[in-house]
Every structure is written in structure tokens, then in C-alpha cells.
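Subject: Structure handover

Hello,

Here is the structure we talked about. Please open it alongside this note; my findings follow.

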Amino acid sequence: KPGARYLEDISLDNAAGIVEFIGQSQRKVTLTLEEVENAVAFHVQMIDKTNAPASPDGLKMTAPSVVPVLTWKDYSIWAYSFIDNRIAFQLIMFDTDQNIVAQWYKPGARYLEDISLDNAAGIVEFIGQSQR
């Protein structure tokens with residue numbers, strides 16, 4: 001966010017819900033705690049599977065009508081099942097233009113059913129079929 005060139009200090013006022021970033025020459029950038037949380041926190045959204053990016057080769061979208069999707073800033077992480085029905089799924093991170101940014105192979109379950117998120121603890125749990 002424009003306003004300061006180098007970060008020298010951060011001031012937090014919990015009561016007011018304000019975070020102040022203090023830069024060179026005491027220039028300041030002020031954000032609400034909500035703005036800071038939304039900028040750095042992950043979110044789980046239930047999204048209609050028809051909005052999923054196209055399945056890469058060897059993968060398929062097997063969710064019912066909606067699927068849990070992990071979102072962060074301008075990125076979304078979708079789970080795809082393998083066409084050969086192996087007991088694993090592929091997590092794929094897409095940018096806003098639906099370009100693949102990263103991929104992770106996750107063995108243990110064939111289909112993703114839920115995502116559990118604890119931003120405070122920094123834990124994301126992808127829960128597959130039969131709670132695996």
C-alpha cells in the first residue's frame with residue numbers, strides 16, 4: 001500500500017482495531033485489523049464445481065455440486081481426483097487467470113470432502129472421503 005518506503009516499526013492498537021506501519025521519515029500506512037487479516041489469511045469457500053478451472057490431464061473434478069476451495073489473496077487451491085481412481089488427490093493452486101502456480105500430490109483419500117482451517121495456529125487440513 002502506498003505511503004511509506006521502508007518499514008521501520010509496526011504499531012498495534014487492539015482497542016481501536018488499527019495497525020499502523022511506520023516507514024522512513026515517519027510516514028505511516030494505517031490499516032484496520034480486518035484489512036490486515038483479509039490480506040494475509042486463508043479462507044475456505046464453497047464454490048460451484050462448474051466454476052472450477054479445467055481439469056489438467058489425468059485428473060477429474062468429482063465433487064458434488066459445490067466443492068471446498070482454499071483461497072488466499074489472488075490464489076485458489078482446488079482438489080482434483082485422479083482418473084485412474086488411486087487413493088490420492090492433487091491440490092492445484094491457480095492464479096486469477098487460472099494459470100497453475102503450484103501442485104501437491106496428497107495420498108490417503110480419493111476425494112476431498114472438506115477443508116478445516118485454523119489461521120491462528122497456521123494449520124490447514126484437507127479432509128478426504130471417509131474422514132481420511
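The largest nonpolar core has 13 residues, and Met61, Val67, Trp78 and Tyr80 touch the most other members. A nonpolar core here is a set of buried Ala, Val, Leu, Ile, Met, Phe, Trp, Tyr and Cys residues joined through side-chain atoms within 4.5 Å. Buried means under 20% relative accessible area, exposed over 50%, and partly exposed in between (1.4 Å probe, protein chains only). Strand 6, strand 7 and strand 8 (88-94) each give two or more residues to this core. Helices (H or I, at least four residues) and strands (E, at least two) are DSSP runs, numbered from the N terminus. A second, separate core has nine residues, including Leu70, Ala79, Leu91 and Met93. As a rule, nonpolar side chains in soluble globular proteins tend to be buried together.

Before you go further: this is a predicted model, where local features need pLDDT of at least 70 and side-chain atom pairs count only at pLDDT 80 or more, while totals for chains, interfaces and linings use all residues. Residues are numbered from 1 along each chain as its sequence is written, and side-chain values use heavy atoms, with hydrogens and water left out.

Now some single residues. Contact means heavy atoms within 4.5 Å, and the lists below leave aside neighbours up to four places away in sequence.

- Val67 is in contact with Gln45, Met46, Ile47, Lys49, Met61 and Trp78.
- Thr71 sits in strand 6 (residues 66-72). Thr71 counts as buried because its relative accessibility is 12%. Its contacts are Ala41, Phe42, His43, Gln45 and Ser76.
- Ile77 belongs to strand 7 (residues 75-82). Its relative accessible area is 8%, so Ile77 is buried. Ile77 touches Val69, Leu70, Leu91, Ile92, Met93 and Trp104.

Next, the aromatics. The whole structure holds four aromatic pairs. Rings of Phe, Tyr and Trp (its six-membered ring) pair if their centres lie within 6.5 Å; planes under 30 degrees apart count as stacked, over 60 as edge-to-face and the rest as tilted.

Phe42 and Trp72 are stacked, because their ring centres are 5.7 Å apart and their planes are at 25°. Phe42 is in the loop between helix 1 (33-40) and strand 4 (43-48), and Trp72 is in strand 6, 30 residues apart. Phe42 is partly exposed at 28%. Trp72 is partly exposed too, at 26%. Ring pairs link Phe42, Trp72 and Tyr75 into a cluster.

Tyr80 and Phe94 form an edge-to-face pair, 6.3 Å centre to centre with 65° between the planes. Tyr80 lies in strand 7 and Phe94 in strand 8, so the pair ties together parts 14 residues apart in sequence. Tyr80 is buried at 0%, and Phe94 is buried at 2%.

Three strands form an open sheet in the order 1-2-3, with antiparallel pairing. Strands pair if DSSP finds at least two bridges between them. Strand 1 (7-13) and strand 3 (28-32) are at the edges with a single partner strand each, so one side of each has no neighbour in the sheet. Strand 2 (residues 18-23) pairs with strand 3 over five bridges. Val19 stands opposite Leu31 in strand 3.

Best wishes
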